[in-house]
Amino acid sequence: MSVRVMTWVWSHSRSNPTHRLVLLAIADCANDAGEQAYPSAATLAKKTGLSERGVRAALAGLATLGELQIDYKAGPRGCNRYRIVMKDPAPDAGSDTLHEVHSARGAGSTRHEVQGTRHETTGNPARGAPEPSENRPTTSVEPSVPRKRGSATKGTRIPDDFAATADMIAWARTNTPLVGIRETAAFVDYWRGQPGARGVKADWPATWRNWMRRSQKDAESGRTNGRASSMVEVNGMRLRPERAEQIARRARFMTDQPALEGPR
């Protein structure tokens, strides 16, 4: 935990309250330079009380704001590495600017000192030109901070610790009641096996919900992956219903036949 970084977040972060809470949770894991922080989305969700989807939205917003740098899968065991970008606050306009004007009577010389640099002009000023004033305010323009393109929409592969949260389970009970927890395991295995860009998604909880909706539709129509719902178990074997009925009829036929007598 770095008190220095947390103090900077409290005093100078321009993020909204929800995003700032996530930034404080990351600062709680960082060193005094705001670096070497590796919390998972589940850890940040536990610290802040947000859902993992809310945490990911906050991370994207902080990266867009320029206050957080995210190095995907650059930490231990493939987790993300975070760095809090502690930018100096904008200086107070006029606090560091010295603007003094001295006019020499009868000599027609004017001397200006701005930020320690002396400029001296000799000669009569142009007619009608307004006299410089020591009370004239000076302005300071804060340089714009470049934003990282695509940081808010960059996709990732499925996280190593992906699991259905309490909010996701509650959603599934309401919207996909015919689909069990095995579908989440099938979902994770399927997407971990997808190569290249096909295995990259911007919102994994949303991808999981779409998967669950399709599985619910298949369950409602009596179809599932591998036709598992159309199979029955007979003596430890999984058979199609028509084959199971053939075996049952044969067993009944053999039972109804009289026992054959052996030789006397």
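I took helices (H or I, at least four residues) and strands (E, at least two) as DSSP runs, numbered from the N terminus. The model is predicted, so I kept local features only at pLDDT of at least 70 and side-chain atom pairs only at pLDDT 80 or more, while totals for chains, interfaces and linings use all residues. I numbered residues from 1 along each chain as its sequence is written, and I used heavy atoms for side-chain values, leaving out hydrogens and water.

**Entry: largest pocket**

I searched for pockets on a 1 Å grid over the protein atoms alone; a pocket is an open set of points where a 1.4 Å probe fits, with protein on both sides within 12 Å along at least five of seven lines, and lining residues have an atom within 4 Å of a point. I joined grid points across faces, edges and corners, and took a volume as the space filled by probe spheres set on the points. The largest pocket has a volume of about 680 Å³. Of its 34 lining residues, Arg56, Tyr72, Asn80, Thr156 and Pro159 are the closest to the centre. I noted α3, α4, β6 (156-157) and α7 as the elements that give two or more residues to this lining. Which element gives the most to the lining of the largest pocket? It is α4, with six residues.

**Entry: nonpolar cores**

I defined a nonpolar core as a set of buried Ala, Val, Leu, Ile, Met, Phe, Trp, Tyr and Cys residues joined through side-chain atoms within 4.5 Å. Buried means under 20% relative accessible area, exposed over 50%, and partly exposed in between (1.4 Å probe, protein chains only). The largest core has 22 residues, of which Val22, Ile26, Leu44, Leu59, Leu68, Tyr82 and Ile84 touch the most other members. Two or more residues each come from α1 (3-12), α2 (17-27), α3 (41-48), α4 (52-65), β1 (68-71) and β2 (81-84). The largest share, six residues, belongs to α2. Leaving out residues up to four places away in sequence, Ile84 touches Val5, Trp8, Leu23, Ile26, Ala27, Ala33, Gly34, Glu67 and Leu68. Apart from this core I found another, of 13 residues, including Ala172, Val188, Trp208 and Trp211.

**Entry: aromatic pairs**

I paired rings of Phe, Tyr and Trp (its six-membered ring) if their centres lie within 6.5 Å; planes under 30 degrees apart count as stacked, over 60 as edge-to-face and the rest as tilted. I counted seven aromatic pairs. Phe187 and Trp204 are edge-to-face, at 6.1 Å centre to centre with 80° between the planes. Phe187 is in helix α6 (residues 182-192) and Trp204 in helix α7 (residues 204-220), 17 residues apart. Phe187 is buried at 0% relative accessible area, and Trp204 is buried at 2%. The centres of Phe187 and Trp211 are 5.6 Å apart and their planes stand at 75°, so this pair is also edge-to-face. Ring pairs link Phe162, Phe187, Tyr190, Trp191, Trp204 and Trp211 into a cluster.

**Entry: cysteines and backbone**

I looked for disulfides (cysteine sulfur atoms within 2.5 Å) and found zero in the whole structure. Cys29 is partly exposed at 29%, as is Cys79 at 22%. Lys73, not a glycine, has a positive phi of about 55°. Lys73 sits in the loop between β1 and β2 and is partly exposed at 38%. Arg77 also has a positive phi, near 55°, and lies in the loop between β1 and β2. Arg77 is exposed, at 79% relative accessible area.

Key:
Contact means heavy atoms within 4.5 Å.
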